[in-house]
Amino acid sequence: QVPLVESGGGLVQAGGSLRLSCAASGRTLSSYTVGWFRQAPGKEREIVAAISWGGGITYYADSVKGRFTIFRDNSKISVYLQMNSLKPEDTDVYYCAVSPYLRLDTDAVDPQKFDYWGQGTQVTVSS
């Protein structure tokens with residue numbers, strides 16, 4: 001088990017910024033590919049961004065390219081999602097998840113390939 005905890009969600013006006021954090025209780029995330037996903041009620045969970053275990057490879061959904069940045073801290077304890085220029089359509093519950101075997105250089109970023117998930121944090125962007 002990898003207990004994940006997200007934080008940093010909240011209410012922000014359009015054009016504003018938020019930084020989400022993902023950490024695993026009692027361990028580092030250095031051995032995992034980490035992804036951020038989001039899901040609205042009644043919709044499928046979609047990938048937002050992902051980062052390789054070493055941090056050298058990142059993936060972004062087209063809808064967030066140029067606005068969101070995923071990165072790890074030097075200790076590899078946490079993974080962050082910096083969200084800038086937020087839009088009302090970014091309103092969702094955001095989840096972090098980890099995969100011990102998914103490779104961003106060769107594999108599709110499929111939610112099914114992520115084994116452990118956090119409880120989610122709500123992001124609400126007002127217009």
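User: In which sense do strand β1 and β3 pair, and over how many bridges?
Analyst: This is a predicted model, so the pairing described here is computed from its atoms. Strand β1 covers residues 4-7, and within this pairing Leu4 stands opposite Ala24 of β3. The two strands pair in the antiparallel sense, and the number of bridges is four.

User: Why can strand β3 be called largely enclosed by the rest of the structure?
Analyst: A residue counts as buried when its relative accessible area is under 20%. Strand β3 spans residues 18-24 and is largely enclosed by the rest of the structure, because the buried residues among its seven number five.

User: How many helices and how many strands does the protein have, and how does its radius of gyration compare with the globule rule?
Analyst: The protein has zero helices and 11 strands, so the radius of gyration, 13 Å, is to be set against the 14 Å that the globule rule gives for 127 residues. Taken along the principal axes, the C-alpha atoms fill a box of roughly 40 × 30 × 25 Å.

User: What share of the contacts with a separation of 6 or more comes from residues 24 or more positions apart?
Analyst: A contact here requires heavy atoms within 4.5 Å. Among the contacts in the protein with a separation of 6 or more, the share from residues 24 or more positions apart is 57%.

User: Which residues touch the most other members of the largest nonpolar core, and which element gives the most to this core?
Analyst: In soluble globular proteins, nonpolar side chains tend to be buried together. The largest nonpolar core here has 28 residues, and those touching the most other members are Trp36, Leu81, Met83 and Tyr94. Elements giving two or more residues to this core include β4 (33-39), β5 (46-51) and β11 (121-126). The element that gives the most, with four residues, is β3.

User: Which residues does Met83 contact, leaving aside its neighbours within four places in sequence?
Analyst: Met83 is one of the residues that touch the most other members of the largest nonpolar core. With neighbours within four places in sequence left aside, its contacts are Gly16, Ser17, Leu18, Leu20, Arg67, Phe68, Tyr94 and Val123.

User: Which residue of β10 is the bridge partner of Ala97, and how is β9 joined to β4 and β11?
Analyst: β9 is mostly covered, with seven of its eight residues buried. Seven bridges join β9 to β4 in an antiparallel arrangement, in which Trp36 has Cys96 as its bridge partner. β9 also runs antiparallel to β11, to which three bridges join it, and Val93 stands opposite Gln122 there. With strand β10, residues 116-117, β9 pairs in the antiparallel sense over two bridges, and the bridge partner of Ala97 in β10 is Trp117.

User: Is Lys76 buried, partly exposed or exposed, and what is its relative accessibility?
Analyst: Lys76 is placed in the loop between β7 and β8. Apart from neighbours within four places in sequence, Lys76 is in contact with Thr28, Leu29, Ser30, Trp53 and Gly54, while its C-alpha atom lies 9.0 Å from that of Ser31, 45 residues apart along the chain. Buried would need a value under 20% and exposed a value over 50%, so Lys76 counts as partly exposed, with a relative accessibility of 23%.

Methods
Residues numbered from 1 in each chain as written. Predicted model: local features only at pLDDT ≥ 70, side-chain atom pairs only at ≥ 80, totals over all residues. Heavy atoms only, no water. Buried < 20%, exposed > 50% of the residue type's maximum accessible area, 1.4 Å probe, protein only. Pairing = 2+ DSSP bridges. Rg over C-alpha atoms; globule rule 2.2 N^0.38 Å. Core = buried A, V, L, I, M, F, W, Y, C linked by side-chain atoms within 4.5 Å.
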